[in-house]
Amino acid sequence: MARLVDLSALHRALVRLPGYEQVPLGALAALPEKGLAHDHVQIAGTRALLRVPRQSQFAFSARDNLAYQKACFERCQPSGHTPALLGVLEPSDEVPMGALLVEHIDGVVLSLPDDMAGIATCLAAIHALPLPPETGRPPLQEHREAVSGTLAIIERQALGLAQAALDREAADQIAEELAWARGFAAEAAQRVQPLALVLSDTHPGNYLRTPSGRVVCVDLEKAVYGAPAIDLAHASLHTSTTWDVAAAATLSRADIEAFYAAYLELLPAPLREALMPWLLPLRRLTWLRSVTWCVHYRVESAKARLRDKYQAASTEDWSSEDVDAALTAHVEGRVADYLDPATISAIRAEWLGPARLSF
């Protein structure tokens with residue numbers, strides 16, 4: 001059974017915010033579930049939406065998780081391609097994970113491949129934002145060595161490989177990619193890597209297109225200071241473009257190359273030149289991050305199903321009791337596809353085969 005968001009508790013917290021004192025309880029309406037990490041509640045008669053965390057995907061405490069997400073929205077807002085932050089409901093006994101009050105974007109889901117150019121424009125606007133001084137970057141994480149930082153995530157997620165019941169061919173291919181990634185990370189440590197504000201979770205389901213045609217990224221809680229090439233990869237890999245059921249599409253090689261070209265045209269020449277050598281290897285590394293997340297999800301969701309329902313939940317809780325059954329089935333179907341050896345082989349051809357991508 002899916003978790004029912006407590007609208008009454010949210011309302012009691014909301015009316016304490018200046019400007020929202022007169023909002024009636026009946027104005028709050030939970031939106032259909034789209035992801036694992038948040039509930040979304042629309043507030044009729046306002047331009048606001050409540051984003052209510054279900055968990056921390058960085059395993060933060062509730063308060064640190066909310067502070068991190070607040071900073072993500074604040075840092076991205078000057079790009080003009082993300083929702084404005086309107087307020088914060090701090091964690092409390094009634095709203096344990098707290099909530100963010102953000103601009104409700106009047107838009108529609110993307111249509112691929114046509115809207116890939118809009119994603120390119122959105123990402124270029126965010127990546128081009130000036131870097132704050134080092135002392136002004138926390139609480140956002142800084143992946144100055146983005147390759148080694150991404151590899152660390154991959155290594156943690158890959159700990160469950162032996163427990164994930166993978167097909168032998170799939171496991172072998174992932175092991176080969178892990179070996180490549182370790183070697184690449186050692187080599188990349190000697191090179192200067194471009195650094196920018198990046199979103200990290202840029203699959204096409206995380207955007208809306210407004211009536212004016214502007215593409216807006218609405219899911220920002222994983223922003224870090226890291227490698228722009230990772231955002232480009234995550235926006236256009238098969239593991240991303242087929243993730244969201246409403247925006248799902250399989251991109252052709254020509255579609256992918258056109259997306260990268262559109263993005264690169266929008267960058268200042270120095271940043272464009274600095275990024276070029278990193279585009280294909282970081283695409284490869286990002287796919288490995290995504291596929292090992294699938295391994296992690298499979299292992300952790302199995303543990304959650306076995307967990308005693310009276311045990312205190314952590315802030316990283318994959319229990320299917322908290323998620324709509326159809327959404328759970330969709331996620332598990334996607335995970336099964338991404339861990340299928342034929343799917344893995346087809347994706348690896350992007351960088352290993354004779355028809356590998358050219359940037």
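Biologist: In which loop is Ala165 found?
Modeller: This is a predicted model, where local features need pLDDT of at least 70, side-chain atom pairs count only at pLDDT 80 or more, and totals for chains, interfaces and linings use all residues. Residues are numbered from 1 along each chain as its sequence is written, and side-chain values use heavy atoms, with hydrogens and water left out. Helices (H or I, at least four residues) and strands (E, at least two) are DSSP runs numbered from the N terminus. By that numbering, Ala165 is in the loop between H4 and helix H5 (168-188).

Biologist: What is the phi of Ala165, and is Ala165 buried or exposed?
Modeller: Ala165 is not a glycine, yet its phi is positive, near 55°. Buried means under 20% relative accessible area, exposed over 50%, and partly exposed in between (1.4 Å probe, protein chains only). The relative accessible area of Ala165 is 68%, so this residue is exposed.

Biologist: Ser200 also has a positive phi without being a glycine; is Ser200 buried or exposed?
Modeller: Ser200 has a phi of about 75° and sits in the loop between strand E6 (196-198) and strand E7 (207-209). Its relative accessible area is 13%, so Ser200 is buried.

Biologist: Which residue has its backbone oxygen 3.0 Å from a polar atom of the side chain of Ser200?
Modeller: A contact means heavy atoms within 4.5 Å. Leaving out residues up to four places away in sequence, Ser200 touches Lys222, Val224, Asp231, His234 and Arg289. The backbone oxygen at 3.0 Å belongs to Lys222.

Biologist: Which side chain makes a polar contact of 3.4 Å with that of Asn65?
Modeller: Asn65 is in helix H2 (residues 62-76) and counts as buried at 5% relative accessibility. A polar contact is a pair of N or O atoms within 3.5 Å; within protein, one must be able to donate a hydrogen and the other to accept it, and residues adjacent in sequence count only if both atoms are side-chain atoms. Asn65 touches several residues beyond four places away in sequence, including Pro53 and Met97. The polar contact of 3.4 Å is with Ser56.

Biologist: Where is Pro113, the residue joined to Leu112 by a cis peptide bond?
Modeller: The omega of the bond from Leu112 to Pro113 is near 10°. Pro113 lies in the loop between strand E5 (99-103) and helix H3 (116-127).

Biologist: What is omega for the cis peptide bond that joins Pro138 and Pro139?
Modeller: Pro139 lies in the loop between H3 and helix H4 (146-157). The bond is cis, and omega is about 5°.

Biologist: What is the radius of gyration of the protein?
Modeller: The secondary structure comes to 12 helices and 9 strands. The globule rule is 2.2 Å times the number of residues to the power 0.38, and the radius is taken over C-alpha atoms. For 359 residues the rule gives 21 Å, and the protein is as compact as a globular protein of that length because its value is close to this, at 20 Å.

Biologist: What percentage of the residues count as buried?
Modeller: Along its principal axes the C-alpha trace spans about 60 × 50 × 40 Å. Of the 359 residues, the part that counts as buried is 53%.
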